[in-house]
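Please check each point against the structure as you go.

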Amino acid sequence: MTDLADLTIAAAGRGLRSGAFTAVDLLDAVERRAAVTEAHLHAYLTLDRAGARVAAEAADVALAAGDPRPLLGIPLALKDNMVTKGVETTASSQILAGWKPPYDGTAASRLRDAGAVIVGKTNLDEFAMGSSTENSAYGPTRNPWNTDRVPGGSSGGSAAAVAVGSALGAFGSDTGGSIRQPASLTGTVGAKPTYGLVSRYGLIAFASSLDQIGPIARTVPDAAALLEAVVGWDPMDATSYNGDMPSISKSLDRGVAGLRIGVVTELSGEGIDPEVLAATKQVIDRLSDAGADVVEISLPAIEYALSAYYLIAPAECSANLARFDGVRYGLRIDGATTEEMMAKTRAEGFGPEVTRRILLGTYALSAGYYDAFYGQAQRVRTLLRNDFASAYGRVDVLVSPTSPTTAFEVGAKTADPLTMYFADICTIATNLAGDPAISVPIGLDDAGLPIGFQIMAPALGEEVMFQVAAEVERLAAFTERPRLATSKVVTP
Amino acid sequence: MTEWEAVIGIETHVELQTKSKMFCGCLVDSGDEPNTAVCPVCLALPGALPVPNKEAIEGILSIGDALECTLIEDSLFYRKNYFYPDLPKNYQISQYTFPLCLDGRLAVDVDGEPTVVGITRVHMEEDTGKSTHIGVSGRIHGANHTLLDFNRAGVPLVEVVSEPDIRSPEQARAYGAELQRVVRTLGVSDARLEEGSMRFDVNVSVRPAGSDILGTRTEVKNVNSLRSMQRAIAYEITRQIEVLESGGSIHLETRHWDEAKGATRSGRTKEGSEDYRYFQDPDLLPLHIDEDWRKRVHARRPELPAAKRARYVALGADRSTADLLADAGDLAALFEAAVSAGADARTIGIWLTGEVVAYLRREDVTIDETGLSADSLVELAGMTGDGDLSATAAKEVLGGVLAGEGTPSQVAEARDLLQISDASTIETEVMAVLDQHPDAIEKIRNGDSKPIGFLVGQVMRATGGKADPRMVQDLIRRKTQA
């Protein structure tokens, strides 16, 4: 019999509803998996055993009464930059060590309302700044496919947990690729929705104009189901979208016949690993065979996306992270004066990458530099939006690799921040444009590491994005699981 | 000797009395226990986000409309970055380019000398928390700890920035007073200087008269009344002139007004030290104010103090009583009711701003606690107009009415103050007086009119002041003509 921890959300939902097992059984299976894998992976920062148990028991009561909610009783993990009431939330930073929020973020509270069981909080690069989950004050997360490798980041904990089965699904946040790139590196599906679709209330801000919460799951339908549970206007977030929600899972079975698919020229050559390129090409050919109209599309401004991103995101973060000052919560290092106390707290509480970005952002916003840096970056952002808009006048979706390489070795890029920044080369542009994008696993490279395929769509184009993703998933028929997940699990 | 001219611009902060704070649902109520009107948003907990308060935006728009500003169609929110323990986010949400309102004006009057002060902008800000330094001195230096109360953090503020159009301390005071009246008339704030719900930062510089180059300015803070603003500016002008005339120069700095010493003292130097790194707040979308919204705000504009004063003058009130009345809500209401019922505006105005105000002060009561109504004012005015009461008697009757002794006619009768206007009675009294003063009659007949007043006085005395003096005078004139 399959270990319950390896079920998809859809299969687990059917099992729960048929009475084959209970939500408590499912939680037990996931916690048993975590008990084995955590020592190798460190996907979680906090396992909320008590809270999860209460939620699973409540789900069983509701299931017995015939409650049809799709996520009822499903064990999920949340990235630790999502605020959860009463459960320690640190964003992987020393500066928030021990902080137990007095409130639930909107996504967390919508998931609770959906009956989901929140297993725990997953590791991330501190304040979501990084692409490997190595920049965590609490130690790195490792890739379940090969523990010498990184799981990607910053949502590496969520991706690793889903890949290995210590959660059936998870949520992360994506500012420049932080959901899609770790999904790609762990063989999972990760989606960044249109900016404004999921409320940011309760997401510890990194770069407010780019941050979006999104799902990580093992299949495209699972990711769609997770996303559907959290989208919707929120009066607590002034940037939340207050119009008709796009349909997300309506067209999963519709195939790609007649759809126009654009292959992004700038993401199809230089800087992309040949094995990744070859696998991507193969999927594109199959999409074409399946009836899609495939064309090449150039997005010239994408060349400047990384530079613009590394001005805009640090600028926003320099203000967003100013509130961590030791005055009201979190770490406090005493000083002779209040000013000294604040300075010492921040110097001690933030890790090197966070400090670097705060300094970079502060500089970019300073008088005399603003226009050359921040102002210029905003102009690039506008150019990029125009590029995307004109591309979507010609095609329904754009495709590219998700990550220029498969999972790299732990420590390989930590010494050189710039190389690390290039890990997001394929994903950053959609954040700047505010558009949705999804990563779907399509195979393994020679080293046995997963390769991800990215599908980008215009704002509110989730329906067609998931439609193509589902077809890519069928065509790629990727069924491999990481060794750590399939190794014999010790039975209690 | 150089003639100097002062150039003054005023930044005014007004705390809006909205139901809830600028960006969260916490109640605006300064009377609460410390840190009870707080939530994740105004405490800047991780993950919390601001959502603009529509009521506050409308309040700001109404001020902009009253100051004849252009209301901006797509207004932007900015972050103003600086670290301070009572500023929870360590940035303040404020406005920079595209504030809510631009380019307005406010007319002020000093001793009948009208000036128009340009309004640069009216924009939104949020208040900070309150620091209390605990230690020997009660000041930040030497304190061993600081207590923070965030009840006020996030309370909506509006900043009204004037052009440097003000030329004297008196004009500055008149501007401050008029702005306070406008804000109160709009009902958006109680604008109390002593409680800090209205605060002035005054920029003062001097230059040789006739020059069009601006001198270096200082920013004077801590002026907690209109009077201290006037004094502080006067002091600062004198100080700057003295510095310049003795060959010194003025530094761009903040100076604090010390009310007790009657002097400003140097605070923070501004030069090069402040870079707020303004940038558009990514948590807040541009605020779209469509034409309908702008029209609605304008349509709701109440009668402003200047218009009200002009109307009172047009009704017949004296300029000075009109000014006083327009400022006094409940008296103005009585005035309007009485005048619209036909009473003479000038008389009513004088009574209300004279006897009535004096009575209220003396007895420390409000108008509602007295026996005075619009009806009694109308009746009283009628009695004086008909000659039933002398002006002096009318004031006495008014006192009785205020004290609750009854209607004017009841009071007049009870106190026996009604004038004798019966012609035959008066004639008898006049004839009696004339009989006693033939010499006076002689003088009058010889063309000297002075004794008329004397004779009137004699008749008034004989009648206990109740005779109608006009009738008496007419009669004496007639009887003394040859």
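1. Basis of the note. This is a predicted model, in which local features need pLDDT of at least 70 and side-chain atom pairs count only at pLDDT 80 or more, while totals for chains, interfaces and linings use all residues. Residues are numbered from 1 along each chain as its sequence is written, chains are lettered from A and ligands numbered from 1 in the order in which they are written, and side-chain values use heavy atoms, with hydrogens and water left out.

2. Confidence. The predictor assigns the complex an ipTM of 0.96 and a pTM of 0.89. Within chain B, confidence is highest in strand E5 (residues 91-94), at 98, and lowest in strand E9 (residues 143-149), at a mean of 83; helices (H or I, at least four residues) and strands (E, at least two) are DSSP runs, numbered from the N terminus.

3. Aromatic pairs in chain A. Rings of Phe, Tyr and Trp (its six-membered ring) are paired if their centres lie within 6.5 Å, and planes under 30 degrees apart count as stacked, over 60 as edge-to-face and the rest as tilted. The count by this rule is 22 aromatic pairs over all chains. One of them joins Phe324(A) and Phe350(A), whose ring centres are 6.4 Å apart with the planes at 85°, so the pair is edge-to-face. The pair links distant parts of the chain, 26 residues apart, with Phe324(A) in the loop between helix H9 (305-320) and helix H10 (338-349) of chain A and Phe350(A) in the loop between H10 and helix H11 (352-365) of chain A. Both Phe324(A) and Phe350(A) are buried, where buried means under 20% relative accessible area, exposed over 50% and partly exposed in between (1.4 Å probe, protein chains only). These two residues also belong to one aromatic cluster with Trp99(A), Phe127(A) and Tyr329(A).

4. An aromatic pair in chain B. Tyr312(B) and Phe335(B) form a tilted pair, at 4.7 Å centre to centre and with 50° between the planes. This pair too links distant parts of its chain, since Tyr312(B) is in helix H5 (residues 305-315) of chain B and Phe335(B) is in helix H7 (residues 329-340) of chain B, 23 residues apart. Tyr312(B) is buried, with a relative accessible area of 0%, and Phe335(B) is buried with a relative accessible area of 0% as well.

5. Charges over rings. A charge is taken to sit over a ring if NZ of Lys or CZ of Arg is within 6 Å of the ring centre and within 35 degrees of the ring normal. Lys413(A) lies over the face of Phe408(A), 4.2 Å from the ring centre, and Lys80(B) lies over the face of Tyr276(B), 4.4 Å from the ring centre.

6. Cavities. On a 1 Å grid over the protein atoms alone, a cavity is a set of points where a 1.4 Å probe fits but cannot get out, a pocket is an open set with protein on both sides within 12 Å along at least five of seven lines, and lining residues have an atom within 4 Å of a point. Grid points are joined across faces, edges and corners, and a volume is the space filled by probe spheres set on the points. There are five cavities of 30 Å³ or more. The second largest cavity, of about 70 Å³, has a lining drawn from both chains that includes Phe324(A), Arg323(A), Gly47(B) and Asp283(B).

7. The second largest pocket. About 630 Å³ of space lies in this pocket. Its lining has 26 residues, of which Ser209(A), Arg381(A), Arg385(A), Pro282(B) and Leu285(B) are the closest to its centre. Helix H12 (residues 371-392) of chain A gives the most to the lining of this pocket, with six residues.

8. Backbone geometry. The peptide bond from Gly153(A) to Ser154(A) is cis, with omega near 10°, and Ser154(A) is in the loop between strand E3 (117-122) and helix H5 (156-164) of chain A. Ser92(A), which is not a glycine, has a positive phi of about 60° and counts as buried at 0% relative accessibility.

Key:
pLDDT is the predictor's confidence in each residue, from 0 to 100.
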